[in-house]
Amino acid sequence: MSLENFAIIESTLREGEQFAGAFFTPEQKVQIATALDEFGVEMLELSSPLASAQSDADVRMIVGLKLKATILTHIRCNREDALRALDTGVGGLDVVIGTSPALRKHSHGKTIDEIIDMARDVLCFIRQQAPHIILRFSTEDSFRSDEADLLRVYLAVAQLGVVNRLGVADTVGIATPSQVTQLVAQLRRLTRLDVEFHGHNDAGCAIANAYAALEAGATHIDTTVLGIGERNGITPLGGLIARLYMLNRPQITAKYRLDRLYAIDHMVAEMVGVSVPFNNYITGATAFTHKAGIHTKAVLAAPETYESIDPADFGLKRDVQIGHRLTGWNAVRSRAQELGLSLTDAQIKQATQRIKALADQRPLGTDDVDNLLRAWAVPEQEAN
Ligand code: HCA
Ligand code: CU
C-alpha cells in the first residue's frame, strides 16, 4: 500500500485546461500554481508547450516561479515534442501514447510493435538528453486496451531502465475499482516502478478508483481542482483529500495546508465560470450543514456523531439549522444560549413547537428564529 507515501500530481493546468469553461490567463495560471504549491501538492502538470506559443511561454513562466512542487509537462511520444518540452526547463516529462484499438485506429494508426519501437526511441532519447529528469510513460485508454498488448508495452518500457514511473489512464471513465486494483498491482509486481493513476469520472468512480489504485500500490494520483477536465473531468483534489483524510487524518493534516482548499475550489470555480456544487466534498455549501433534530442534538453534544470530517481542520464551520419543521428543542436551546437568552426548558419546548408550526407554513431564516426566541424571552426578562 502506498497510502502512507504517495504524491499528488495536480493537473488543473493540463487536464483542467481541457475543461469546457477553462481559459486561463498567464496571471491566473500563476495564481493557481502558487495556491496549489502552498496547499502542498507534490507535482504540477502543465499543458504541453507545443499547444500554442502562449502555452510555451506559460510553462517557462511557471518553471521560473521556482515553486516547491516539481513542474511536469505532458507530451506525445515523439522526439520533437520532447526536445521542445525539455527546452522549457521542466523537472519532468509525462509521455503518453494510446494503446486501445479505438485510439490505434482513429488517433495514430500504429500497431503495438510500432508503439513499443516509438516508446523505446523517444524515452531513451529523452534520458540521453536529460539524465536527471523525471520521466513517466503512460498508455492512454489503458482500460479498453487488450491486456496482453498493454503488458507487452509496459514490460518493454520498464526493461529499458530509463523511466521513473508508469502511468495508467482511465481515459473514458470506464474502470471499476477492482479493475484498477488488478492492473496497478500487476504493474507494481512485474516492474517495481512507481505507478501513477489518472481516472476520469464519467461513471462517478474517479475517487474510488484513485483510492483503489493507492491501495494496490500506486504512488502517484492525478487530480484537478473540482475535478475539471475533458467532459465531466477526473478525480477532484478535494474529493481525494476527503477520502484520504478519513483514513489517516494526522497524515493528511500534516501533509497539506487543508485550510487553503476552500479558497482554491472557489477561485478555480470562478475562473472557469461555474459555481462550487452544493454537495461538493468539504467545500460545498451544505457539506457541514446539520438539519434534523436527531442529528442536531447529537452534533451539538459531540460533532463526530454525524461528522467524519472536522470542518475546523479546513478552516470551516458547521451549520446547525433550526428554522424548519424537523427541528428539535436541543438545537433551539443551543441557539438561545448563543444569543444570551435565558429561557427555561419548558419555554424552549414551547418555542420549538411554535417554530415547527410556523415552519409548516413557510421556510424560516435564522433571523426569524432569533426574533421569535427574543420575543419569547421578553416576558421572562420583564418579570425580573
Ligand atoms: C487525454 C489524455 C489523458 C492522459 C492521461 C495521462 C487521458 O485523453 O486527454 O497522461 O496519464 O485521460 O488519457 O488525459
Ligand atoms: Cu485525462
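In what order do the eight strands close into a barrel? The order is 1-2-3-4-5-6-7-8, and the pairing is parallel. The model is predicted. It holds 15 helices and ten strands, and the protein is divided into domain 1 (3–272) and domain 2 (289–383).

**Overall dimensions and packing**

- The C-alpha trace of the protein spans about 90 × 40 × 35 Å along its principal axes.
- The protein has 384 residues, of which 44% count as buried.
- Of the contacts between residues at least 6 apart in sequence, 70% join residues at least 24 apart.

**Domains and their contact**

- The domain assignment gives residues 3–272 to domain 1 and residues 289–383 to domain 2.
- The centres of domain 1 and domain 2, taken over C-alpha atoms, are separated by 46 Å.
- Eight residues from domain 1 and six residues from domain 2 make up the contact.
- On the side of domain 1 that touches domain 2, helix 9 (237–247) and helix 11 each supply at least two residues.
- Helix 9 gives the most to that side of domain 1, with three residues.

**The barrel**

- Strands of a sheet pair through backbone hydrogen bonds, either parallel or antiparallel.
- Strand 1 pairs with strand 8 (residues 220–223) in the parallel sense, over four bridges.
- Ile8 has Ile221 of strand 8 as its bridge partner.
- Helix 7 (residues 177–191) packs on the sheet and touches strand 6 (165–170) and strand 7 (194–199). The direction of helix 7 makes about 160° with that of strand 7.
- Helix 5 (residues 112–129) lies across strand 4 (92–98) and strand 5 (134–140), and runs at about 170° to strand 4.

**Strand 6**

- Strand 5 and strand 6 run parallel and are joined by four bridges.
- Thr139 has Val168 of strand 6 as its bridge partner.
- Strand 6 is largely enclosed by the rest of the structure, because six of its six residues are buried.
- Both faces of strand 6 are covered. Arg165, Gly167 and Ala169 are buried on one side, and Leu166, Val168 and Asp170 are buried on the other.

**Helix 1**

- Helix 1 (residues 26–39) has 14 residues. From its first C-alpha to its last it reaches 20 Å, close to the 20 Å expected at 1.5 Å a residue.
- Lys29, Ile32, Ala33, Leu36 and Phe39 are the buried residues of helix 1.
- Seen down the axis of helix 1, these buried residues fall within an arc of 125°, so they line one face of the helix.
- An α-helix has 3.6 residues a turn, so residues three or four places apart point the same way.
- Pro26 and Glu27 are exposed on the other side of helix 1.
- The packing partners of the buried residues of helix 1 are strand 1 (7–10), strand 2 (43–46), helix 2 (53–64) and helix 11 (261–271).

**Val225, a buried loop residue**

- Val225 is found in the loop between strand 8 and helix 9.
- Val225 has 28 other C-beta atoms within 10 Å, so it is buried; the cut-off for a buried residue is 20 or more.
- Leaving aside residues up to four places away in sequence, Val225 touches Thr12, Gly16, Leu237, Ile264, Asp265 and Val268.
- Val225 and Leu93 are 132 residues apart along the chain, and their C-alpha atoms are separated by 21 Å.

**Ala346, an exposed helix residue**

- Ala346 is found in helix 14 (residues 345–361).
- Ala346 has 8 other C-beta atoms within 10 Å, so it is exposed; the cut-off for an exposed residue is 12 or fewer.
- The C-alpha atoms of Ala346 and Asp94 are separated by 67 Å, with the two residues 252 apart along the chain.

Technical notes: Residues are numbered from 1 along each chain as its sequence is written. Chains are lettered from A and ligands numbered from 1 in the order in which they are written. This is a predicted model: local features need pLDDT of at least 70, side-chain atom pairs count only at pLDDT 80 or more; totals for chains, interfaces and linings use all residues. The expected span of a helix is 1.5 Å times one less than its number of residues. The arc is that of the directions from the helix axis to the C-beta atoms. Two residues are in contact if their C-beta atoms, placed from the backbone, lie within 7 Å. Two strands pair if DSSP finds at least two bridges between them. Axes are lines fitted to C-alpha atoms, for helices over the stretch in contact, and angles run from 0 to 180 degrees between N-to-C directions. Domain bounds come from an automatic or database domain assignment.
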